[in-house]
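Work through the exercises below with the sequence and the model at hand. Try each task before reading its solution.

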Amino acid sequence: MGENLVIVESPAKAKTIGKFLGNDYIVKSSFGHIRDLAKKNLGIDIENGFKPKYVVSPDKKKIVTELKSLAKEASIVWLASDEDREGEAIAWHLFDTLKLDPAKTRRIVFHEITKDAILNAIKNPRDIDINLVNAQQARRVLDRLVGFELSPVLWRKIKPKLSAGRVQSAALKLIVDKERDILKFKSKPYYKVDGYFIPEGTKTKVKSSLDKKFNTKEEAQNFLEKCQNSIFNIAGIDTKEATKYPAPPFTTSSLQQEAARKCGFSVSQTMSIAQKLYEEGRITYMRTDSTNLSKLALGTTKEYITNTFGPEYSKTRQYQTHSKGAQEAHEAIRPTFVNVEEIEGNGAEKRLYDLIRKRTIASQMAEAKVEKTKITIGGSSFSEKFHAQAEQIIFDGFLKVYIESNDDDNNEDDETTLLPILSDKQKMIGSEISATEKYTLHPARYTEASLVKKMEELGIGRPSTYAPTISTIIKREYVTKASKMGEPRDVSILKLSFDNGIANPSIEEKTKRETVGSEKGKLCPEDIGMAVSDYLSDHFDYIVDYNFTANVEESFDKIAAGKLVWNSSISDFYTPFHKKIEGALEDTNHVDTSRVLGVDPKTGKQVLARIGKFGPLVQLGLPDDKEKQFASLPKGVLIETITLDDALELFKLPRNLGQFEDKDVIVNNGRFGPYVRHNNKFVSIGKDNDPFTIDLPTAIQLILDYREKEIKKHIKEFPEEGIEILNGRYGPYIKQAKKNYKIPKGKVAEDLTLDECLEIISQPKESVTKRKKKSKK
DNA sequence: CAGTGAGCGAGCTTCCGCTTGACTT
C-alpha cells in the first residue's frame with residue numbers, strides 16, 4: 001500500500017495525478033469544500049469576533065471518514081488543492097477536520113496537470129498560508145452576513161422566500177437597470193440611403209451606403225431628387241494593410257459566450273457538456289479565469305500547427321488575463337491532446353470539443369494580414385458621400401482555423417463587398433439608390449452569456465458560480481428568459497431606379513410592414529425582481545452597487561497579504577450594515593408596489609396595478625372599496641408598462657357566454673391559464689382559443705371533448721372504498737381521497753383487484769418524500 | 001398530477017464557492 005496520501009479537489013484530477021505518481025501515492029479527492037458555516041443562527045458568533053461555526057456538510061461525511069482513516073495510515077499527507085483563496089481554505093479545513101499532524105502534512109500547489117509540474121510541486125512543499133485562509137473566511141462570513149440578514153428583510157417587506165446576496169443582487173440590478181434604459185428609450189425613425197453603382201468598364205455592382213442619415217421622408221426624397229441629375233464618380237480610394245489577432249484560449253466566461261453564439265447552448269448546458277468532456281479526459285478543467293497554457297500545451301500545439309499548416313502559421317503566445325479579481329489557479333480551457341481531431345460522444349459534446357480545440361490552436365497561430373479598401377463615391381449635385389468597403393486576405397494565419405463571433409447581430413454598416421479593381425475619379429454608373437426607413441433600436445437586453453461577460457468585467461461572481469447565479473435569479477422569479485415580440489411598423493422605402501445609367505423621372509414609394517426590435521431568449525425582469533432591486537437600491541445602495549465586490553476584494557487582498565486582520569475588517573462592515581438592517585425591520589410596512597393607472601369610466605373607480613400574493617395583478621377599486629375586481633397581469637406585461645386600456649380589457653373577464661343544458665357557461669382566466677366553467681367543471685381552453693373572443697358553440701364543444709376524455713380516463717373503480725384507477729399524464733395511477741398512488745412496475749392497471757389496490761395504498765409513499773428532500777438541498 | 005383564487009393559526013424560507021451526482025414522478 002502507498003505511504004503517501006495526496007488530496008485534490010476533483011476526482012477526475014485525482015485519477016490523472018494518480019497515473020503520474022505511481023504506486024507509492026494514493027490520490028484522493030475531497031469533492032470541493034468539505035465544511036461550511038452552520039445554517040442555524042447564521043453560523044457566526046458575532047459577539048466573539050465573528051468566529052465561524054463550521055460543520056461538515058452532510059454529503060461530505062462519507063468522504064471525510066474515508067480520508068480520516070487513510071490519513072491515519074499515511075506517512076505524509078499532501079494537501080494539493082488549488083492555489084487560490086478557496087483552495088487554501090479547503091486545505092486548511094482538511095487539515096483541521098482530519099486532525100492532521102503538522103509534522104506529517106505538506107501543502108503543495110501546481111497550476112497545470114502535467115507530470116513535471118506535479119513532481120516539481122512535491123519537491124517544493126510549503127505551509128498552509130493562514131493569511132490567505134483568513135481572506136477566504138472573511139469572504140465566506142461576509143457573504144453569509146449579507147445574505148442571511150438581507151433576505152429576511154425582503155421576506156417581511158415584500159414576500160417570503162425571496163433572497164438577496166452580494167452576487168445575485170448585483171446581477172439582478174444589471175438586468176433591471178437595462179430594462180429601465182429600455183423603458184426610457186424612445187425609438188426614432190430615420191432614413192438610411194443605399195447606393196448601387198457599376199464602375200464604368202466593368203459589370204460588377206458595388207453596394208455602398210451614404211454617410212448621412214435623414215430624419216424625415218422629405219429630406220430623403222429631396223436627396224434622391226438631387227441624385228436624379230447627378231454624375232457619380234470615385235472620390236477616393238484608401239487602401240490599408242491591417243492585422244488581425246487571434247483571441248486568447250477559453251476561460252469559463254468566454255467559453256460560455258462563444259458556445260451560446262456559435263452552438264446556441266445555454267450557460268448551464270455548456271458547463272455540463274464541458275464537465276463531461278473533462279471527466280472523460282478530453283479537456284482541461286472548465287471552471288477557470290485564466291488564459292494561460294502549460295508549457296506542454298504550448299509545445300504540442302506548436303508542433304501540431306507546424307506539421308499541419310507549416311511553420312509560418314505558428315506563433316507561440318501567452319495571453320494576459322484581464323478580468324477583475326482573477327485568481328488563475330488553473331490553466332485556460334484546452335484540449336488535453338490537441339492532435340485528437342474528433343472525439344466520441346453526442347453531437348453537442350463533439351461541437352463543444354471542436355470549439356475548444358480550434359480556439360486553442362488559433363490562439364497559437366500567426367496573425368492574419370488583410371488589405372482593407374475603402375472607396376468613396378461622390379456626386380456632382382450633392383456634398384454627401386457614399387462609402388463601400390472591401391477586405392482581402394493577404395495571409396490567412398489563424399483565420400484558417402477559427403473566427404470569433406460577436407454580439408452585434410444587426411450592425412449593417414460594417415458589411416463588406418467584393419470590389420473590382422478601381423481607379424481614382426473613375427466614373428460610376430448609377431444602378432439604384434434607395435432610402436429605407438429604419439428605427440433606432442433600444443439597448444439590447446442581456447442574454448445569459450452577455451450577462452456573464454458583464455459580471456466578469458465587473459468582477460462579480462466566479463467561474464463556478466456564473467451558471468448557478470443565473471439559475472437562482474430565475475428560480476426566484478426575479479427574471480425570466482423570454483422572447484420579446486417586436487413592434488409592427490409600417491416602413492417606407494423610396495427607390496430611384498436607373499436605366500442604363502439614366503435616372504428615372506419618378507421616385508417610387510413603397511410601404512412594407514416590418515417588426516422592429518424583436519429579441520430571442522433574453523433575460524427580462526419580472527415585477528417582483530424590479531421591486532426587490534428597487535428596494536435594495538433605495539435602502540442598501542452600497543451592497544447592490546457594482547463596485548461593492550471590487551471594494552471588498554481589496555480588503556480581502558490586504559488580509560491575504562497580512563496587512564489587515566480579517567475579523568476587524570468584517571466588524572467595520574457589519575456595525576453600520578446591521579444598524580441599517582434593524583432600521584429597515586423597524587418599519588413594518590410592506591413595500592408599496594402599486595401604480596395607479598387611472599379611473600374606470602364606467603364605474604368611476606380607481607384602477608391600479610400591484611404585486612399580489614399570487615403575482616402581479618390589476619385591481620378595480622381601492623382597498624377601501626367594498627366591491628373589487630381582480631385580474632392577473634398577462635405574461636410579458638409589467639406593472640410599469642401596463643396601460644389603463646389594457647387593464648380595462650382584462651376586467652372584461654369573467655364572461656358569461658350563455659346557457660348550456662340550463663347552466664351558465666363562464667369563461668375566465670385562472671391560475672393555470674384561461675378556462676371555461678360549466679356545472680362546476682373546469683375545462684382549460686388551451687392556447688388556440690382566446691378567452692376574450694371565444695363563443696358559446698366553441699365552448700360547448702370544449703366541454704363535450706372534456707367529458708369524452710373523462711370517460712377514457714377512468715379505467716376501473718371500487719366505489720365502496722372510494723378507489724379509482726385513472727389514466728394520467730404519466731400513465732395509470734390509483735386515486736383515493738384526493739391522494740394518488742403509483743402502480744408498481746410489473747402490474748397491469750386493468751387487472752388490479754381491490755385487495756391489491758388497498759395494499760399499494762397502505763404502503764408508505766417513500767419515493768415522494770425522498771425526492772423532496774433531495775431537491776431541497 | 002391536480003387544479004382554477006386573493007388578510008389565521010406554526011415554522012420555514014435565505015448567502016457564495018468549491019465539487020459531483022441522480023431522480024424520471
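This is a predicted model: local features need pLDDT of at least 70, side-chain atom pairs count only at pLDDT 80 or more; totals for chains, interfaces and linings use all residues.

Residues are numbered from 1 along each chain as its sequence is written, and side-chain values use heavy atoms, with hydrogens and water left out.

**Exercise 1.** Find the order of the strands in the open sheet that contains β24, and state the pairing.

Solution. Take strands as DSSP runs of E, at least two residues, numbered from the N terminus. Count two strands as paired if DSSP finds at least two bridges between them. The order is then β24-β25-β26-β27, with antiparallel pairing. At the edges stand β24 (655-660) and β27 (681-684), each of which pairs on one side only. From one strand to the next the twist averages 30°, where axes are lines fitted to C-alpha atoms and angles run from 0 to 180 degrees between N-to-C directions. Next, look at one pair: β24 and β25 (residues 663-670) are joined by five bridges. Q659 lies opposite D664 in β25.

**Exercise 2.** Repeat the analysis for the open sheet that contains β20.

Solution. The four strands run in the order β20-β21-β22-β23, again a sheet with antiparallel pairing. Its edge strands are β20 (595-599) and β23 (629-632). The twist averages 25° from one strand to the next. Four bridges link β20 to β21 (residues 606-612), and R595 is opposite A609 in β21.

**Exercise 3.** Determine which residues line the largest cavity.

Solution. On a 1 Å grid over the protein atoms alone, a cavity is a set of points where a 1.4 Å probe fits but cannot get out, and lining residues have an atom within 4 Å of a point. The structure has one cavity of 30 Å³ or more. The largest cavity holds about 50 Å³ of space, the volume being that filled by probe spheres set on the points. Its lining is A297, T300, T301, R334, P335, T336, F337, V338 and T360. Sorted by class, these are four nonpolar, four polar and one charged. Helix α10 (residues 295-309) gives the largest share, three residues.

**Exercise 4.** Count the disulfides and decide whether C227 is buried or exposed.

Solution. A disulfide is a pair of cysteine sulfur atoms within 2.5 Å; the whole structure has zero. Buried means under 20% relative accessible area, exposed over 50%, and partly exposed in between (1.4 Å probe, protein chains only). C227 has 0%, so C227 is buried. C263, at 14%, is also buried.

Notes. Chains are lettered from A and ligands numbered from 1 in the order in which they are written. On a 1 Å grid over the protein atoms alone, a cavity is a set of points where a 1.4 Å probe fits but cannot get out, and a pocket is an open set with protein on both sides within 12 Å along at least five of seven lines; lining residues have an atom within 4 Å of a point. Ala, Val, Leu, Ile, Met, Phe, Trp, Tyr, Cys and Pro count as nonpolar, Asp, Glu, Lys and Arg as charged, and the others, Gly among them, as polar.
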